Amino acid sequence: MRHIISILLENESGALSRVAGLFTARGYNIASLTVAPTEDPSLSRMTLVTSGSDSVVDQIRKQLNKLVDVVKLVDLTDNPRIEREMLLIKVRAEASGERDEVKRLADIFRGRIIDVTERVYTIELTGDGGKLDAFIAVIHPRRIVEVVRSGVIGIARGETACIPDAP
């Protein structure tokens, strides 16, 4: 089963390396990984997507919680959440009809054309992974020049937050 784990960790050099090393040492796979500083410059938020049985993911959570850099960990999988991913895709659009079709598809998926050349449109699209996969599927494979995806970011819905417990 796929799990989205939100980790609040100290914003120090080597923190990401220690998390990745934990996965490497135990043979676990990271499907997606995003990291960025939070509103507190001393902390970073890491969103990690992995998969495995409940016992494997439970072991992953326990091992992550043992790392010195980890301040708080929340498995978002079983809770109401908002998850997003960003896609940047370069698409060939040379003829007038092709350009109109690519623009129409970008509009249908609520994407934005962010760069235009004589032959290529670059489109930015945000949504869940299924939406991005669907967009890629409707663009003819011959049209695709390059695809870049950010990986999943997620946050709990409502008032639940992955913030450090008060001392």
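Reader: What share of the contacts in the protein chain with a separation of 6 or more comes from residues 24 or more positions apart?

Author: This is a predicted model, in which local features need pLDDT of at least 70, side-chain atom pairs count only at pLDDT 80 or more, and totals for chains, interfaces and linings use all residues. Residues are numbered from 1 along each chain as its sequence is written, and side-chain values use heavy atoms, with hydrogens and water left out. A contact means heavy atoms within 4.5 Å. Among the contacts in the protein chain with a separation of 6 or more, the share from residues 24 or more positions apart is 73%.

Reader: Which pattern does the protein chain follow when read along the sequence?

Author: Helices (H or I, at least four residues) and strands (E, at least two) are DSSP runs, numbered from the N terminus. By that rule there are 4 helices and 9 strands in the protein chain. Read along the sequence, they give the pattern β-α-β-β-α-β-β-α-β-β-α-β-β.

Reader: In what order do the 4 strands of the open sheet stand, and which of them are at the edges?

Author: Two strands pair if DSSP finds at least two bridges between them, and the pairing in this open sheet is antiparallel, with the order β2-β3-β1-β4. Each edge strand has a single partner strand, so one side of it is left without a neighbour in the sheet, and the strands in that position are β2 (32-37) and β4 (70-75).

Reader: Which residue in β3 is the bridge partner of Ser32?

Author: Strand β3 covers residues 43-51 and pairs with β2 in the antiparallel sense over 6 bridges. Within β3, the bridge partner of Ser32 is Val49.

Reader: At what angle does helix α2 run to β4?

Author: Axes are lines fitted to C-alpha atoms, for helices over the stretch in contact, and angles run from 0 to 180 degrees between N-to-C directions. Helix α1 (residues 15-26) lies across β1 (2-10), β2 and β3, and runs at about 15 degrees to β3. Helix α2 (residues 54-66) lies across β1, β3 and β4, and its angle to β4 is about 160 degrees.

Reader: Why is the pair of Phe23 and Tyr28 edge-to-face?

Author: Rings of Phe, Tyr and Trp (its six-membered ring) pair if their centres lie within 6.5 Å, and planes under 30 degrees apart count as stacked, over 60 as edge-to-face and the rest as tilted. A search of the whole structure finds 2 aromatic pairs. In the pair of Phe23 and Tyr28 the ring centres are 6.0 Å apart and the planes stand at 80 degrees, so the pair is edge-to-face.

Reader: How many residues apart in sequence are the parts that the pair of Phe109 and Phe135 ties together?

Author: Phe109 and Phe135 form an edge-to-face pair, with 5.2 Å from centre to centre and 75 degrees between the planes. Phe109 lies in the loop between α3 (96-108) and β6 (112-116), whereas Phe135 lies in helix α4 (residues 129-138), so the parts tied together are apart in sequence by 26 residues.

Reader: Is Arg110 buried or exposed?

Author: Arg110 is found in the loop between α3 and β6, and has a positive phi of about 60 degrees although it is not a glycine. Buried means under 20% relative accessible area, exposed over 50%, and partly exposed in between (1.4 Å probe, protein chains only). With a relative accessible area of 72%, Arg110 is exposed.

Reader: And is Leu132 buried or exposed?

Author: Leu132 is found in helix α4. Leaving aside its neighbours within four places in sequence, Leu132 is in contact with residues including Met86, Leu87 and Leu125. Its relative accessible area is 0%, and Leu132 is therefore buried.

Reader: How many bridges join β5 to strand β8?

Author: Strand β5 (81-92) is joined to strand β7 (residues 120-127) by 8 bridges, and the two run antiparallel; here Ile89 stands opposite Ile123 in β7. Strand β8 (residues 144-149) also runs antiparallel to β5, and Leu87 stands opposite Arg149 in β8. The number of bridges that join β5 to β8 is 5.
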